[in-house]
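Me: Hi! Could you walk me through this model, strand by strand?
Reply: Happy to, here it is.

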Amino acid sequence: MTAFAFEAVYLARHGQTEWNLAGRRQGRMDSPLTDRGVRQVHRNARLTSHEPVDAIFASPLERARTSAEVFATALGLTVQLLDDLSEVDHGEWSGLTDGEIESGWPGEVAVRERDKYSYRFPGGESYADADSRAGRALASIARTGVRRPLLVSHEMIGRMLLKHLGRLDREAALRLSHPSDVVYCVGAAGQISRLSLDRAVGPA
């Protein structure tokens with residue numbers, strides 16, 4: 001695993017979107033935040049406002065960028081967009097529900113379940129592709145000299161960011177989830193925790 005010279009890295013996911021609620025895969029496509037999603041982002045921004053964040057980097061996708069701006073207001077920082085923080089490209093499955101995918105690609109969901117890391121969405125990316133992007137993103141951020149960045153991105157690319165920062169193997173990383181109402185903090189030694197309302201950091 002590559003070592004990065006961070007004191008801590010904070011990881012936030014965008015707030016809930018309309019397609020999250022409908023069970024549609026977003027990938028590089030977008031849908032607006034729900035009212036609940038907006039509340040989640042403002043709650044997360046209050047959590048991070050007590051932390052020593054020194055920079056904000058975000059996926060350029062609208063749902064992440066909109067969420068990052070809320071954090072920026074709370075922290076008094078500006079948002080720097082980074083393409084490598086974009087969500088895994090779902091290709092031809094973008095915008096579809098699992099039922100629609102099964103109808104159009106019979107058996108492919110089961111095929112993907114057998115090797116999620118290597119499976120590439122038709123016309124899109126795999127977790128392996130995202131793993132490489134996550135490494136590039138962290139290296140690019142490290143080169144700026146910041147020590148305690150907040151990254152606002154997505155669940156799937158977020159798993160690969162946690163893989164690098166937490167020094168996890170691929171199976172452990174794929175088992176992680178990142179709800180929209182959780183902000184993770186990864187310490188310099190790779191320990192993963194989450195911010196809580198009382199400002200204490202509890203185990204992930």
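What follows is a chat about the strands, the cores and one glutamate.

Me: What should I know about the model before we start?
Reply: This is a predicted model, where local features need pLDDT of at least 70, side-chain atom pairs count only at pLDDT 80 or more, and totals for chains, interfaces and linings use all residues. Residues are numbered from 1 along each chain as its sequence is written, and side-chain values use heavy atoms, with hydrogens and water left out.

Me: Good. Is β1 buried or exposed?
Reply: Six of the six residues of β1 are buried, so the strand is largely enclosed by the rest of the structure. Buried means under 20% relative accessible area, exposed over 50%, and partly exposed in between (1.4 Å probe, protein chains only). Helices (H or I, at least four residues) and strands (E, at least two) are DSSP runs, numbered from the N terminus.

Me: Which way do the β1 residues point?
Reply: Ala8, Tyr10 and Ala12 point one way, while Val9, Leu11 and Arg13 point the other way. In a regular strand the side chains alternate between the two faces of the sheet.

Me: Which strands does β1 pair with?
Reply: β1 (residues 8-13) pairs with β5 in the antiparallel sense over five bridges, and four bridges join β1 to β4 in parallel. Two strands pair if DSSP finds at least two bridges between them. On the β5 side, alanine 8 stands opposite glycine 187 and leucine 11 has tyrosine 184 as its bridge partner. On the β4 side, arginine 13 stands opposite serine 153.

Me: Are the faces of β5 covered or open?
Reply: Both are covered: Val183, Cys185 and Gly187 on one side and Tyr184 and Val186 on the other are all buried.

Me: Switching to β2. What are its partners?
Reply: β2 runs parallel to β4 (residues 149-153), joined by four bridges, and parallel to β3 (residues 79-81), joined by three. Alanine 55 stands opposite proline 149 in β4, and alanine 58 opposite leucine 81 in β3. Together, β2, helix α3 (residues 62-75) and β3 make a right-handed β-α-β unit. Right-handed here means that, with the strands pointing away from the viewer, the path from the first strand over the helix to the second runs clockwise.

Me: How many residues are in the largest nonpolar core?
Reply: There are 32, and Leu11, Leu151 and Leu165 have the most contacts inside it. β1, β2, α6 (127-143), α7 (155-165) and β5 each supply at least two of its residues. A second, separate core of 21 residues includes Ala8, Ala58, Ala72 and Val152. A nonpolar core is a set of buried Ala, Val, Leu, Ile, Met, Phe, Trp, Tyr and Cys residues joined through side-chain atoms within 4.5 Å.

Me: Last one: where is glutamate 51, and why does it count as buried?
Reply: Glutamate 51 is in the loop between α2 (35-48) and β2 (55-58). Glutamate 51 counts as buried because its relative accessibility is 17%.

Me: What does it touch?
Reply: Leaving aside neighbours within four places in sequence, glutamate 51 is in contact (heavy atoms within 4.5 Å) with Tyr10, Leu75 and Leu195.
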